[in-house]
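Good morning, everyone. Please take a look at the structure on the screen, and I will walk you through it.

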Amino acid sequence: MQRSNATAVLAGLSSDRQPNSLRNILRFARQKPLGAVAGIVILCLIFVAIFAPVLAPHDPNEVFGGQRLTPPGGEFPMGTDAVGRDVLSRIISGARISLWVGIVAVGIGTGFGALIGIVTGYYGGKTDAIIQRLMDMLMAFPALILALTMVAALGSGLTQVMIAIGIVIVPGVSRIIRGATLSVKSSQYIEAAQAMGASTLRIVLLHIFPNVTAPIIVIATIGLGGAIITEASLSFLGLGAPPPNPSWGGMIASNRQFMTFAPWVVFYPGIAISLAVMGFNLLGDALRDVWDPRLRGSR
Amino acid sequence: MLFPVLLGVSFMVFVLLRLLPGDVVTIMLGETGNLSPEQADALRTELGLNKPFVVQYAEWVWGILRGDWGVSAFSRQPVLYEMLRRLPVSAELTLLSMLVSLSFAIPIGVIAAVRQDTPIDYVMRIMSVFGLSLPGFWVATMLLLFLAMQFQWVPPLRYVPFIDNPWMNIQSFVLPSFAIGISASASIMRMTRATLLEVMRQDYVRTAWAKGLTERAVIIRHALKNALIPVVTIMGNQVGFLLGGSVIMEQIFTLPGLGRLTLESIYQRDYPQLQGNILFVATVFVTVNLIVDISYAWLDPRIRYR
């Protein structure tokens, strides 16, 4: 009786019951608790961003004329800003903008960067040399200066900011992915595939790309943190999302002059930015440690 | 090797800025009142905005090589003059920030490596995550807020050179240096810890322990010197970045540095100044990195004695 019970229990626990990905996630959580916590924070952020209109207690752009710079409490859990808008609602809506800009910018950046990295890594030769020179030239500018210049050149507006940040990310990504491609390229199974006459497209898609996905995801995650800070910085300088968009960086900038008697208006947006960026950085770090510690470069 | 990159950079800068909507003349019209269309055109011709693109580029590069970087369309001063005037400020900020950053990062990084997995190590890792994640402009703003509210103190609003009034000068720089230094120290801390850990596993360190040297001697005299080599690379990177690029800190603390100059020339649509700035900043960045690369080869004895 006992034995069959045990068998029944063991059968229930058998790994055939749980899908592979769930098991991996739970294993990740056990190995890297900090990363797991970061992951949860990010999920909350995404949740807030998606359901922003429902979650925000007030309309983020609604002006409460007589209640400017009210301290946190009651109707306005985080107070109101200089114009009379609810800070909490603006922070919740700001999550949407920050996340959206971050995702698109990083998407563009890692997408193109990975493409360039894989292509130059695989083909090598003259194209590689020329394109790498081009990337070197892009990297000759400090990131913020490049982003500033692009925004200045393209004009201010969300799309332009996304493109600007994306372009800033491309060279760094291409360099890392190129390295990864080079190391994959020298593997024997690639040689075998080539000997079997597989087309280049097939090799790249079926063999190189899946083995390069891990660095791409790590870079993308950490890049999201950087993108959010860059977007906040641009908004702070007045070159990011145009008003009245509730951008976290913009909120800090426009309310700075009142901060000595209304510290909450600059405090909370900063906390929001820090939490989001920390979440992405920690998650990216944890992923990198688990997948490929070799990526631990100069960070 | 340097030259083609810089040439490409100059071309990139030039092209990028030709995409700017509106030109200097339109902005100036807004500032100084109305200019008749003829006067506006005359201004354009004077600034050379009418010539074909390639000619403008060629003239500009030729001027650069001869030391004439153009004239600011806004202030009517030579571009190079404006930049050199601001350079000492950025240089001082960079120097002080790196001082703060290093005196913070290296001791803590070393301790974290030597006492790995103890509470100090975790504290260091948390600090470095904070340093990397907290937005610099927010940290600076919070510092200003704290000092203003607790001690009723704000840094002086006007910049005075060190020679004129050292005490006031330091007061202007102390907050931004700290804010920058703390962010910068994050990556240096991590790198120091990582490389020191690696170095400590080497055989020659084991020999040093076996010889009976004190912990201090082993770490400082033997392990640290080699561990710091990659750190120098990061430092160089940061110096190059800070010299031209601490736009935000200079803006917040109203320091007339290179970063602020770039920002202002963007606001004012000052083509010539902006071009010169960005080229200058990029050149500094590339040159500093080059120096670091070369010194890396020199610092590593294995390469030096080959």
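Take contacts between residues at least 6 apart in sequence: in chain A, 70% of them join residues at least 24 apart. Keep in mind that this is a predicted model.

What is chain A built from? It has twelve helices and zero strands. The C-alpha trace of chain A spans about 75 × 75 × 30 Å along its principal axes. Chain A has 299 residues, and 46% of them count as buried.

Now the partner. How many residues does each chain bring to the contact? Chain A gives 36 residues and chain B gives 41 residues. On the chain A side, four helices each supply at least two residues: α6 (125-138), α7 (143-154), α10 (200-236) and α12 (264-291). Sort that side of chain A by class, and you get 23 nonpolar, nine polar and four charged residues.

Chain B has a mean pLDDT of 80, and 88% of its residues score at least 70. Within chain B, confidence is lowest in helix α2 (residues 24-32), with a mean of 54. It is highest in α5(B), at 89. A word of caution here. Where pLDDT is low, predicted coordinates should not be read in detail.

Next, helix packing in chain B. Two packed helices are described by the angle between their axes and the distance between those axes. Start with α12(B), residues 258-267, and α13(B), residues 271-299. Their axes come within 9 Å and cross at roughly 145°. The crossing is left-handed. Who makes the contact? From α12(B), we have Leu258(B), Leu261(B), Thr262(B), Ser265(B) and Ile266(B). From α13(B), we have Gln273(B), Leu274(B), Asn277(B), Ile278(B) and Val281(B). By class, that contact holds six nonpolar, four polar and no charged residues.

Helix α13(B) also meets α5(B), residues 79-114. Here too the axes come within 9 Å, and they cross at roughly 50°. Therefore α5(B) is oblique to α13(B). This crossing is right-handed. On α5(B), the contact uses Val79(B), Leu80(B), Glu82(B) and Met83(B). On α13(B), it uses Pro272(B), Gln273(B), Gly276(B), Asn277(B) and Phe280(B). By class, there are five nonpolar, three polar and one charged residues.

Helix α9(B), residues 203-211, has nine residues, and the count of buried ones is zero. Just after α9(B) comes Gly212(B), with a positive phi of about 90°.

Last stop: two loop residues. Gln152(B) has a phi near 50°, a positive value in a residue other than glycine. Where does Gln152(B) lie? In the loop between α7 (136-151) and α8 (166-200) of chain B. Why does Gln152(B) count as exposed? Because it has 8 C-beta neighbours inside 10 Å, and the cut-off for exposed is 12 or fewer.

Then there is Thr254(B). Its phi is near 45°, again positive in a residue other than glycine. Thr254(B) sits in the loop between α11 (247-252) and α12 of chain B. With 13 other C-beta atoms within 10 Å, Thr254(B) is partly exposed.

That's the tour. Thank you.

Note on methods
Residues numbered from 1 in each chain as written. Chains lettered and ligands numbered in written order. Predicted model: local features only at pLDDT ≥ 70, side-chain atom pairs only at ≥ 80, totals over all residues. Buried ≥ 20, exposed ≤ 12 C-beta atoms within 10 Å, placed from the backbone. Contact = placed C-beta atoms within 7 Å. Nonpolar A, V, L, I, M, F, W, Y, C, P; charged D, E, K, R; others polar. Axes fitted to C-alpha atoms, helices over the stretch in contact; angles between N-to-C directions. Left-handed = near helix turned anticlockwise from the far one by under 90°. Parallel < 35°, antiparallel > 145°, perpendicular 65-115°, else oblique. pLDDT = per-residue confidence, 0-100.
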